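Thanks for making time this morning; I would like to walk you through one model, taking a few backbone details before a helix and a cavity. Please have a look at the structure before I go on.

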Amino acid sequence: MKLAVWTYEGPPHVGAMRVATAMRDVHYVLHAPQGDTYADLLFTMIERRDHRPPVTYTTFQARDLGADTAALFKTACKAAYDRFRPEALIVGASCTAELIQDDPGGLAEALDLPVPVIPLELPSYQRKENFGADETFFRIVKRLAQPMERSARPTANLVGPTALGFRHRDDIAEVTALLDEMGIAVNVVAPYGASPDDIARLGAAHFNVLMYPETAEAACRWMEKALGQPYTRTVPIGVGATRDFVAEAARLAGVAPKLDTARLRLPWYSASVDSTYLTGKRVFIFGDGTHAIAAARIATEEMGFEVVGLGCYNREMARPVRAAAKALGLEALITDDYLDVERAIEEAAPELILGTQMERHIGKRLGIGCAVISAPVHVQDFPARYAPQMGIEGANVIFDTWVHPLVMGLEEHLLAMFRDDFEFHDAAGPSHHGHKAAAAPAAAEAPVAAPAVTEPAANDNGGKVIWLAEAEAELRKVPFFVRAKARRNTEAYAAARGQARIDVETLYEAKAHYAR
């Protein structure tokens, strides 16, 4: 473990909380010190849930460590059952409580409660949040799901959506609609909204739809072996992936594929005249493996972007992310250190970042637009409106979300271009208020000085190039979302010709050279 200002994933018990909070009629008893109750805020403040997570903490303190902490856990467990009367009880320890080795599973079993008790053994110092969610759901399914006769009509289970998931609520509705269009009913959605009784009847479905491999792949693999249920491998994020998913689901259900694209706007919007400025935009993609891989396909095949960086923070998805990056001629960035990600983005100098809430902050520091495509996210990415990532409407939402930073970037450049105008200078105030524009403050007369130079920058040949002040001023007229590329091209042009200084003439010569 290490101290960090930001982490992409919490400890495994947070993943277990995401599963428990998503379900109904279950309760999670967590052996944890008083400080670990912070996790409640993730759901009530960030996800805006209207009720607390179904979690009871033992909340032992330092003075309790010299006494019987096992007794504290048993008391909390019995009290939680008596108060909430759940249909199933999940028990486990936080990373701190793991060190005292009280064995919550064994202690809870000894209480002989009249409901299933599902013990969790989550290695807090080796694994993280997504693993915790995946392992918790697997344990619940393994304990409660039973073999049974298949439903009369084709049905599927939607597995993987949890609390605190990125657009999981709306993805469920979109995938349900895709299946319904082909006559495939949804048997159970789990863990989101499922009760222990619902988990028990998972076996009635003909197949499982694995919506998020990070949180349900272990359960799907078990159900494939124990219940004879195949599961989908395609995650329907993007137009191409949605078509592939429909074909795969139809094959597993034994029905004809059907997809209504009347509401689909992404292909035309991305190919229309209004969107030609998207073509060739350099993008850096980082997030959880599922969303990062999907974003790379959409960026290259459906939006005309050039992917200059691709990576994920969850090492469980490292292999497929590396394969996706290799297909694009890139080396994948697999790290959970946001400083590594920031360095990679700065080096790649993209025009757009597709990432998490952390990459949004990185983009602000570097002056690069960012669209959020993956958890972890903050409160603004749990919108009140319908905003899926999957299916037809998800593709439309993705187009709007990704284009927005670029459109705003163009608008910002136009405002900067006219900043010296009598109506738009900084002291004029908002023009839409209808006030008479104030005159721009007069600039103080500056003494005539020799041409200023900026700090030397390293060129591709290992030497240094110096930007004259006039060239720097001219460079600032270039839109900020392509300014870094213009700087790199100019420095490469100067280095190739052995020029140590860059003036305005060099800048325009480089522009003409690369325009050919």
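Where does D25 lie? Bearing in mind that what we are looking at is a predicted model, D25 is placed in the loop that runs between α1 and β1. I start with this residue for its backbone: D25 is not a glycine, and still has a positive phi of about 60°. With a relative accessibility of 39%, D25 counts as partly exposed.

The bond from A190 to P191 is cis, with omega near 0°, and P191 is in the loop between β6 and α7. The bond from A375 to P376 is also cis, here with omega near 5°, and P376 has its place in the loop between β12 and α15.

Let me turn now to helix α8, which covers residues 213-226 and reaches 19 Å from its first C-alpha to its last, close to the 20 Å expected for its 14 residues. Its buried residues are P213, E214, T215, A216, A219, C220, W222 and M223, and what covers them includes the helices α1, α5 and α11 together with the strands β5 and β7. After α8 comes G228, with a positive phi near 70°.

How many cavities of 30 Å³ or more does a search of the whole structure find? The search finds 2, and the largest cavity holds about 50 Å³ of space. Its lining is made up of I237, H291, A294, A295, I298, I373, Q389, I398 and W402, and the elements giving two or more residues to that lining are α11 and α15. The largest share, 4 residues, comes from α11, the helix that I have already named among the elements covering the buried residues of α8.

Definitions and conventions:
Residues are numbered from 1 along each chain as its sequence is written. This is a predicted model: local features need pLDDT of at least 70, side-chain atom pairs count only at pLDDT 80 or more; totals for chains, interfaces and linings use all residues. Side-chain values use heavy atoms; hydrogens and water are left out. The expected span of a helix is 1.5 Å times one less than its number of residues. Buried means under 20% relative accessible area, exposed over 50%, partly exposed in between (1.4 Å probe, protein chains only). Contact means heavy atoms within 4.5 Å. On a 1 Å grid over the protein atoms alone, a cavity is a set of points where a 1.4 Å probe fits but cannot get out, and a pocket is an open set with protein on both sides within 12 Å along at least five of seven lines; lining residues have an atom within 4 Å of a point. Grid points are joined across faces, edges and corners, and a volume is the space filled by probe spheres set on the points.
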